[in-house]
Amino acid sequence: MAKTIFITGASRGFGKLWAEALLQRGDKVVATARDLSSLDDLVNKYGNNILPLQLDVNDRAADFAAINKAKEHFGSIDVLINNAGYGLFGSIEETTEQEAREQMETNFFGLLWLSQAVLPVMREQGHGHIIQLSSVLGLITLPVLGIYNASKFAVEGLSETLATEVKDFGIKVSLIEPNGFATDWAGASAAQTVAMPEYDAVRAAFQAGLTDEIFGVPEATTDAVLQLIDSDNPPLRLFLGKYAYPWVKQTYEGRTTEWDSWNEVASAAHGK
């Protein structure tokens, strides 16, 4: 059965790929972008099955208005995909207040506002699925991506909590956690701090680890996302790519070892 999907950041990358895959199979798609001309090809090809909306997700009032417009236009919203976001590259010491706030505004607060906006629609329907584009870097970290890591850790905590709050309304929540993919996330879509020479060695080590092999093929993600959308019992977390889960598993095993070694101290701190 065809669904109505609201997807942000549909101008490029994962957002556009997934929007077109959904349209190709007959779903109705509300596609948002800051520049509506980036959606002209989809509008010309799929006509009335796509509703393009200009949206800056940082604007809370505009987020609520966009959800309301989508509901009025198509009558329902079965799935919200919070895809809009970008990466801020730079060490934590280099990061300005404005850069940090802008990263959190888009990656975290924009996602929060849209989640809040769609909940009354989904509660009234008695069903819905909120899909948050997180990252493997919402569970583990890399240097020179500290504020991005923080934004995705925040998305993880928010979404896991939300899942417990809305499950009795028939609303599902899922987090998509990709490893690296060959989109322009680290290119035209990225922001950069002003570099301090003190962190040149850290940056060099980071760059040295960015081999072609670790970046997946974006088009290959489509089937997994469609399966997630169609699942009657979707997972809270879905990794994308062959490196994400092994990397997280290895990191958490190391954390468990450290926690175990300090457990006696931790338990004594309870005081009784």
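Q: How many cavities of 30 Å³ or more are counted?
A: This is a predicted model, in which local features need pLDDT of at least 70, side-chain atom pairs count only at pLDDT 80 or more, and totals for chains, interfaces and linings use all residues. Side-chain values use heavy atoms, with hydrogens and water left out, and residues are numbered from 1 along each chain as its sequence is written. A cavity is a set of points on a 1 Å grid over the protein atoms alone where a 1.4 Å probe fits but cannot get out. By this rule, the number of cavities of 30 Å³ or more is one.

Q: How much space lies in the largest cavity?
A: Grid points are joined across faces, edges and corners, and a volume is the space filled by probe spheres set on the points. For the largest cavity this comes to about 30 Å³.

Q: Which helix gives the largest share of the lining of the largest cavity?
A: Lining residues have an atom within 4 Å of a cavity point. Here they are T8, V57, N82, N83, A84, T106, G110 and L111. Helices (H or I, at least four residues) and strands (E, at least two) are DSSP runs, numbered from the N terminus. The largest share of the lining, three residues, comes from residues 97–125, which form helix 4.

Q: How many bridges join strand 1 to strand 2?
A: Two strands pair if DSSP finds at least two bridges between them. T4 has K28 in strand 2 as its bridge partner. Strands 1 and 2 run parallel, and the number of bridges joining them is four.

Q: Which helix lies on the path from strand 2 to strand 3 in their β-α-β unit?
A: Strand 3 (residues 50–54) runs parallel to strand 2, joined by five bridges; V30 stands opposite L51, and A31 opposite P52. A crossover is right-handed if, with the strands pointing away from the viewer, the path from the first strand over the helix to the second runs clockwise. The unit made with strands 2 and 3 is right-handed, and its helix is helix 2.

Q: Is G138 buried or exposed?
A: G138 lies in the loop between strand 6 and helix 5 (146–166). Leaving aside neighbours within four places in sequence, G138 is in contact (heavy atoms within 4.5 Å) with K152, F153 and E156. Because its relative accessibility is 4%, G138 counts as buried.

Q: What is the relative accessibility of V144?
A: V144 is in the loop between strand 6 and helix 5. Its phi is near 65°, a positive value in a residue other than glycine. V144 counts as buried because its relative accessibility is 7%.

Technical notes: 1 Å grid on protein atoms, 1.4 Å probe; cavity = no way out; pocket = protein on both sides within 12 Å on 5 of 7 lines; lining within 4 Å. Buried < 20%, exposed > 50% of the residue type's maximum accessible area, 1.4 Å probe, protein only.
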